[in-house]
Amino acid sequence: MDFSYSKQEELFLQMIREFAEKEVKPLAAEVDEEERFPMETVQKMAKIGLMGIPVPTQYGGAGGTNIMYGMAVEELSRVCATTGVILSAHTSLCVAPILEAGTEEQKQKYLPKLASGEWIGAFGLTEPNAGTDAAGQQTTAVEDGDCWVLNGSKIFITNGSYANVFIIIAMTDKSLGTKGISAFIVEKTDPGFSIGKKEKKMGIRGSATTELIFEDCRIPKDRQLGQLGKGFGLAMKTLDGGRIGIACQALGIAQGAMDETIKYTKERKQFGRSISQFQNTQFQMADLETKVQAARLLCRSAHYKKDHGIPYSADAAMAKLFSAETAMEVTTKAVQFHGGYGYTREYPVERMMRDAKITEIYEGTSEVQRMVIAGKLFK
Amino acid sequence: MNIVVCIKQVPDTTEVKINPQTGTLIREGVPSIMNPDDKGGLEFALQLKDKYGAHVTVITMGLPQAEAILREALAMGVDRAILLTDRKLGGADTLATSSALAGALRTMDVDLIITGRQAIDGDTAQVGPQIAEHLDLPQVSYMEDLQYDEATRTFTVKKQLEDGYQVLQMQAPCVVTALASAVQPRYMTVSGIVTAFDKEVEVWGADRINVPEDHIGKAGSPTSVFKSFPKQLKPAGQTFEVSPEEAVELIVNKLKEKHII
């Protein structure tokens, strides 16, 4: 693995940093405060090709690497974690499974519109009674002539009310357990499909997290994604990739909090000097910086393996576990360094601490990541 | 329509510090960027490409590392990139620079030449106008808007003045110098970045431009720098909290004190 950025990656970093700074950062506080999905930002992202970074050019994508995609999620999340997760859910959870398991017709139909950002993607696995125990799917899909008929509901779906295309996991044969689970592509306009309530959340408040409801939702047979009964495996594989995206989001939040804290501690004077001059500040910040850099290498290494077709499931789990816990630690300490000001919305670290928490929960809790890592150790 | 945009790699002066002892720029560790006015000019060119299908070439004269801004321009959507680099071109002042660039431009079929108004490292605003003089072409500097009429091959250019603007018309071929503040340059696209390094950057030496050696490089540079110094910050102004009537009297008296009125 190469630890330095390629010339291409350097140019990409220059672009995405400028984009994040000029287009995303100015809206971050407002998007959080008003719990508003930043559609105008998504449109700007679409215009420069960010919605289809790792999609091959033959499907209208940019033909970039997963490492570049990870850099984009990191840099967006550094200034606005909401924007970071919109891109992550779209790319890792909707575009990736179509690329992985879609038929040529499905790829031709969905990928160009998703890669261009004309359509936004989402993924539905979690249910009220199937969270970490994802095998307990209660949403069903039953064959009826030329159609599949879906019934049930999904919760906590990122991009829910703004997505046009959903990858939905449902039970097609309960008697077979996880081998009776299949994946489907549902479109927003399908009959019997509707968006339920929108969650009021602690953090990433601009991302539209909603319930999805299927009431005799009829979709054509050709919307089955991958083989019948292979949906659970596809969902797990999708989450393996998604975890690196969320790891990059957590990394971005941590880096953003580091940036703010370095700036603040240099400016803030107590006892006649900048608080950055106190050794307590310096030692704690040195430890945090070390963890952030370690998280970045874990993310890069996991994406490198994905780009090169090397198994990366445990790497993704380690990247997410470590980055999420680092984000929580860095943001909590960032608020502490800011003192009373850090607890107010005058400073972005308050938002960053709220945003960081979800990275320890979604796309597999930290406990699930430990199960995945341990599973590799003791198999 | 063929457009050539002349661009320059400059140190990001927002990151540059001045050595207090010598008064010179400390360039070590300072990132290099595409000069902002040049980037504005490039955006105008790319808008003409979007609208009229113009073919856009960028050219820079500089060290081999200036290739970075040519790759950036390719990622923004230009069609062709030329790096004019040669030891013989080193140490050039604005006159030698414009001679070399004009030499390169003479070898091309060009309808519109765009340069930035000025570079943030030298701030002379001379190279663009000098290129026009070398090539004996009409020019408008301080351009903040540009329209093209295909039928008459005429450019209508809005030129910024201190207290307003002029609208001027020129027939192609011609030269404009662009303002960064007039336009928001587009971002590089992801696919542009992915393919930017597969495209060719043409490397031209002094032998390609057919300009006498005493017109280029150090030999062609009559300028010698007497002294360079950092910009002095103006002191903060005074604030008076008075009624409008008192304010008029106060201002008039101040202007009289300074012999302005």
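Predicted model: local features only at pLDDT ≥ 70, side-chain atom pairs only at ≥ 80, totals over all residues.
Colleague: Which scores accompany the model, and what is the mean pLDDT of chain B?

Modeller: The model has an ipTM of 0.92 and a pTM of 0.91. For chain B the mean pLDDT is 92, with 97% of its residues at 70 or more.

Colleague: Turning to chain A, how many helices and strands does its secondary structure hold, and what is its radius of gyration?

Modeller: Chain A comes to 10 helices and 10 strands. Its radius of gyration is 21 Å, close to the 21 Å that the globule rule gives for 379 residues, so chain A is as compact as a globular protein of that length. Taken along the principal axes, the C-alpha atoms of chain A fill a box of roughly 80 × 45 × 40 Å.

Colleague: How should I read a pair of packed helices, and at what angle do the axes of H1(A) and H3(A) cross?

Modeller: Two packed helices are described by the angle between their axes and by the distance between those axes. For helix H1 (residues 7-33) and helix H3 (residues 66-79) of chain A, the axes come within 8 Å and cross at roughly 30 degrees. Angles under 35 degrees count as roughly parallel, and H1(A) and H3(A) are therefore roughly parallel to each other. Their crossing is right-handed. The residues of this contact divide into 12 nonpolar, no polar and 6 charged. On the H1(A) side they include Phe12(A), Leu13(A), Ile16(A) and Arg17(A), and these residues of H1(A) meet a set in H3(A) that includes Met68(A), Met71(A), Glu75(A) and Leu76(A).

Colleague: And what is the handedness of the crossing where H6(A) passes H8(A)?

Modeller: The crossing of H6(A) and H8(A) is left-handed. Helix H6 (residues 231-267) and helix H8 (residues 313-342) of chain A pack with their axes 8 Å apart, at an angle of about 25 degrees, and are therefore roughly parallel to each other. The residues of the contact of H6(A) with H8(A) divide into 18 nonpolar, 7 polar and 4 charged.

Colleague: Is H7(A) roughly parallel or roughly antiparallel to H8(A)?

Modeller: The axes of helix H7 (residues 279-307) of chain A and H8(A) come within 9 Å and cross at roughly 155 degrees, which makes H7(A) roughly antiparallel to H8(A). The crossing of H7(A) and H8(A) is left-handed. Among the residues that make the contact are Leu288(A), Val292(A) and Leu298(A) of H7(A), together with Phe322(A), Val330(A) and Phe337(A) of H8(A); the contact residues as a whole divide into 13 nonpolar, 5 polar and 4 charged.

Colleague: Finally, some backbone details: which residues does a cis peptide bond join, and where does Ala125(B) lie?

Modeller: The cis peptide bond joins Ala172(B) and Pro173(B), with omega at about -5 degrees, and Pro173(B) is found in the loop between strand E11 (164-171) and strand E12 (174-178) of chain B. Ala125(B) lies in the loop between strand E8 (112-116) and helix H4 (127-135) of chain B, and has a positive phi of about 60 degrees although it is not a glycine.

Key:
Residues numbered from 1 in each chain as written. Chains lettered and ligands numbered in written order. Axes fitted to C-alpha atoms, helices over the stretch in contact; angles between N-to-C directions. Helix = DSSP H or I, 4+ residues; strand = E, 2+ residues; numbered from the N terminus. Parallel < 35°, antiparallel > 145°, perpendicular 65-115°, else oblique. Left-handed = near helix turned anticlockwise from the far one by under 90°. Contact = placed C-beta atoms within 7 Å. Nonpolar A, V, L, I, M, F, W, Y, C, P; charged D, E, K, R; others polar. pLDDT = per-residue confidence, 0-100. Rg over C-alpha atoms; globule rule 2.2 N^0.38 Å.
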